[in-house]
Amino acid sequence: MSALLVQACRNGLAYRLGQTRSIHVSTVLEKKTAGKYKTSVKKDRPLTYEMSQKPHHIAVRKGYNSLNTSNLLDGLRSSETAVEDMFIRKFMVGTWHGLVLSEVIIKRQFNHIRIAAMIRQGITAQKMYFLIGYTEEMLARWLHCPVTLELETTPDKKDIVFKYI
């Protein structure tokens with residue numbers, strides 16, 4: 001009698017703690033969705049050339065968005081470089097509000113940082129030159145190295161569209 005009572009208590013305690021044995025069946029989700037864009041219903045989502053490339057084509061048909069050697073084996077400052085790259089991208093998008101049309105490409109060579117992007121011609125030339133100087137000077141002071149902007153302007157956002165999905 002006591003063995004049955006002990007077994008019943010164990011089963012009851014296991015049930016209350018959620019330790020019951022049961023089989024769970026669900027579908028296997030091996031679908032890779034990172035870096036891929038969903039098609040819209042009307043097929044009107046614009047993609048640039050770089051956005052239209054699949055993730056497995058990086059370094060084959062598409063370049064890296066950040067070119068540096070700190071991610072190599074025994075590279076120095078890899079975490080600081082990643083944080084700085086994120087800061088540079090956010091600063092560029094915030095300073096050039098509504099004007100950045102493509103991804104911001106960051107190229108590091110020795111102690112020099114070159115930043116490339118496509119910019120819409122939505123402001124006057126004087127404001128453009130001011131923003132270029134302001135961005136270069138502020139980033140150079142914060143990052144303690146020379147910074148150069150390599151901007152390409154286009155009159156309309158539709159000029160950089162590669163295809164619609």
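**Entry 1: Overview**

I began with the secondary structure and found that the protein chain has four helices and six strands. I took helices (H or I, at least four residues) and strands (E, at least two) as DSSP runs, numbered from the N terminus. From the N terminus on, I read the order of elements as α-β-α-β-α-β-β-α-β-β.

I note that this is a predicted model, in which local features need pLDDT of at least 70 and side-chain atom pairs count only at pLDDT 80 or more, while totals for chains, interfaces and linings use all residues. Residues are numbered from 1 along each chain as its sequence is written, and side-chain values use heavy atoms, with hydrogens and water left out.

I next looked up burial: 24% of the 165 residues in the protein chain are buried. Here buried means under 20% relative accessible area, exposed means over 50%, and partly exposed lies in between (1.4 Å probe, protein chains only). For contacts (heavy atoms within 4.5 Å), I considered those with a separation of 6 or more, and residues 24 or more positions apart account for 59% of them.

**Entry 2: The sheet**

I traced an open sheet of four strands in the order E2-E3-E4-E5, with mixed pairing. Strand E2 (66-67) and E5 stand at the edges with a single partner strand each, so one side of each has no neighbour in the sheet. Two strands are counted as paired if DSSP finds at least two bridges between them. I recalled that strands of a sheet pair through backbone hydrogen bonds, either parallel or antiparallel.

I then went through the pairs in turn.

- E2 and strand E3 (residues 105-109) run parallel and are joined by two bridges; Leu67 has Lys107 in E3 as its bridge partner.
- E3 and E4 run antiparallel, with five bridges between them; Ile106 has Ile115 in E4 as its bridge partner.
- Strand E4 (residues 112-120) and strand E5 (residues 147-154) run parallel and share eight bridges; Ile119 stands opposite Thr153, and Arg120 has Thr154 as its bridge partner.

I also examined the hairpin of E3 and E4, which has two residues between the strands; Phe110 in the turn has a positive phi of about 55°.

**Entry 3: Helix H4**

I followed the chain from E4 through helix H4 (residues 125-143) to E5, and these three make a right-handed β-α-β unit. Right-handed means that, with the strands pointing away from the viewer, the path from the first strand over the helix to the second runs clockwise.

H4 has 19 residues and reaches 27 Å from its first C-alpha to its last, close to the expected 27 Å at 1.5 Å a residue. The expected span is 1.5 Å times one less than the number of residues.

Which residues of H4 are buried? I listed Met128, Leu131, Thr135, Leu139 and Leu143. Seen down the axis of H4, these buried residues fall within an arc of 60°, so they line one face of the helix. The arc is that of the directions from the helix axis to the C-beta atoms. On the other side of H4, I found Gln126, Tyr129, Phe130 and Arg141 exposed. The cover over the buried residues of H4 includes H3, E4 and E5. After H4 comes His144, with a positive phi near 60°.

**Entry 4: Thr95**

I located Thr95 in helix H3 (residues 78-95). Is Thr95 buried or exposed? Thr95 is buried, because its relative accessible area is 19%. A polar atom of the Thr95 side chain lies 2.8 Å from the backbone oxygen of Phe91.

Leaving aside neighbours within four places in sequence, I found Thr95 in contact with Leu131, Tyr134 and Thr135. Thr95 and Thr135 are 40 residues apart in sequence, with 7.6 Å between their C-alpha atoms.

**Entry 5: Lys43**

Lastly, I looked up Lys43, in the loop between helix H1 (2-17) and strand E1 (46-47). Leaving aside neighbours within four places in sequence, Lys43 is in contact with Tyr164 and Ile165. The C-alpha atoms of Lys43 and Tyr164 are separated by 6.0 Å, although these residues are 121 residues apart along the chain.

Key
Polar contact = N/O pair within 3.5 Å; in protein donor to acceptor, adjacent residues only side chain to side chain.
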